[in-house]
Amino acid sequence: MNDLPIHQPHEGSELSAALSENRPSWDEYFMLLAKLAATRSTCFSRPVGAVIARDKRMLATGYNGAPPGTWHCIDKKQCYWRQPENHVEGIEPRELSRAVHAEMNAIAHAARAGISIEGSTIYCTMSPCVNCFKVLLSAGIKRVFFEHIYDFNNKGGDSFLLDYYKQYEEIVEVSQLKVSASAVNIANEFTNEITSQRRHEHY
């Protein structure tokens with residue numbers, strides 16, 4: 001079903017080896033940052049994070065949730081658009097969602113800070129929806145990495161989404177990125193313990 005390229009960075013050596021030999025790749029590094037951004041998500045449905053980078057430097061981050069300064073769905077423990085009392089005749093319920101997608105928020109972050117994202121790469125923990133994808137193209141994003149394909153509750157929408165991406169393959173590269181086990185282990189080690197402990201007793 002998924003015949004897009006799956007980007008699998010080279011597996012690093014064991015954690016006991018020199019750190020310089022098993023650091024996360026740059027792509028893994030930015031995807032790990034996107035996963036960290038997702039921890040700030042305020043969406044009641046699922047957490048999503050995104051990072052925009054260029055020339056090995058992070059430009060902007062985003063996560064899904066309501067606009068800044070407004071109430072969050074996780075605070076009310078409900079998904080706004082799924083509540084029948086909030087439906088409006090003639091309008092697709094999902095259009096009433098209060099959440100701004102992670103990719104959109106990353107672009108908005110860059111815009112508010114006056115940061116150009118032309119020619120950059122975006123790392124998303126979930127594949128961009130059609131609307132987000134079109135905005136990414138218009139913003140000049142040239143590479144898209146996603147961790148998880150949106151599953152559409154197994155109704156076949158994931159296949160449609162992958163086919164949709166392909167029609168723009170002349171102007172944007174889209175790949176699924178799997179973070180290696182060694183990179184995950186390193187990230188866990190650094191976050192579960194004091195990060196800046198000495199690596200060697202005498203250094």
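# Close-up views of the predicted chain

**View 1. Alanine 187 sits in helix H6.** Welcome to the first close-up of this predicted model, in which local features need pLDDT of at least 70 and side-chain atom pairs count only at pLDDT 80 or more, while totals for chains, interfaces and linings use all residues. Residues are numbered from 1 along each chain as its sequence is written, and side-chain values use heavy atoms, with hydrogens and water left out. Helices (H or I, at least four residues) and strands (E, at least two) are DSSP runs, numbered from the N terminus. Alanine 187 counts as partly exposed because its relative accessibility is 23%; buried stands for under 20% relative accessible area, exposed for over 50%, and partly exposed for what lies in between (1.4 Å probe, protein chains only). Although alanine 187 and tyrosine 29 are 158 residues apart along the chain, their C-alpha atoms are separated by 9.3 Å.

**View 2. The second largest pocket holds about 510 Å³ of space.** On a 1 Å grid over the protein atoms alone, a pocket is an open set of points where a 1.4 Å probe fits, with protein on both sides within 12 Å along at least five of seven lines, and its lining residues have an atom within 4 Å of a point. Points are joined across faces, edges and corners, and the volume is the space filled by probe spheres set on them. There are 16 residues in the lining, and Pro24, Tyr29, Leu32, Leu33 and Ala187 lie nearest the centre. Helix H1 (26–37) and helix H6 (181–192) each supply at least two lining residues. Which helix gives the most to this lining? H6 does, with seven residues.

**View 3. Proline 24 lies in the loop between strand S1 (6–7) and H1.** With a relative accessible area of 25%, proline 24 is partly exposed. Where does the chain come back to meet this loop residue? Proline 24 and serine 182 are 158 residues apart in sequence, yet 7.8 Å apart in space, C-alpha to C-alpha. Setting aside neighbours within four places in sequence, proline 24 is in contact (heavy atoms within 4.5 Å) with Tyr29, Leu32, Ala183 and Ile186.

**View 4. The largest nonpolar core has 28 residues.** Such a core is a set of buried Ala, Val, Leu, Ile, Met, Phe, Trp, Tyr and Cys residues joined through side-chain atoms within 4.5 Å. Which members touch the most others? They are Ile52, Ile122, Phe133, Val144, Tyr165 and Val174. At least two residues of this core come from each of S2, S3, H3, S4, H4, strand S5 (143–148) and helix H5 (157–166). A second, separate core of 11 residues includes Met31, Ala34, Ala53 and Phe145.

**View 5. Helix H3 (residues 102–112) carries the buried residues Ala102, Glu103, Asn105, Ala106, Ile107 and Ala110.** Their cover includes strand S2 (49–54), strand S3 (57–63), strand S4 (121–126) and helix H4 (130–138). Just after H3, follow the backbone to glycine 114, which takes a positive phi of about 70°.

View 6. Aspartate 55 has a positive phi of about 55° although it is not a glycine. Lysine 56, likewise a residue other than glycine, has a positive phi near 65°. Is aspartate 55 buried or exposed? At 67% relative accessibility, aspartate 55 counts as exposed.

**View 7. Glutamine 176 belongs to strand S6 (residues 173–177).** Glutamine 176 is buried, its relative accessible area being 15%. The side chain of glutamine 176 reaches the backbone oxygen of glutamate 147 at 3.1 Å.

**View 8. Glutamate 170 is placed in the loop between H5 and S6.** With a relative accessible area of 80%, glutamate 170 is exposed. The C-alpha atoms of glutamate 170 and lysine 142, 28 residues apart along the chain, are separated by 9.9 Å.

**View 9. To step back, the whole chain has six helices and six strands.** From the N terminus on, the elements run β-α-β-β-α-α-β-α-β-α-β-α. Of the 203 residues, 37% are buried. Among contacts with a separation of 6 or more, 65% are between residues 24 or more positions apart.

Notes: A polar contact is a pair of N or O atoms within 3.5 Å; within protein, one must be able to donate a hydrogen and the other to accept it, and residues adjacent in sequence count only if both atoms are side-chain atoms.
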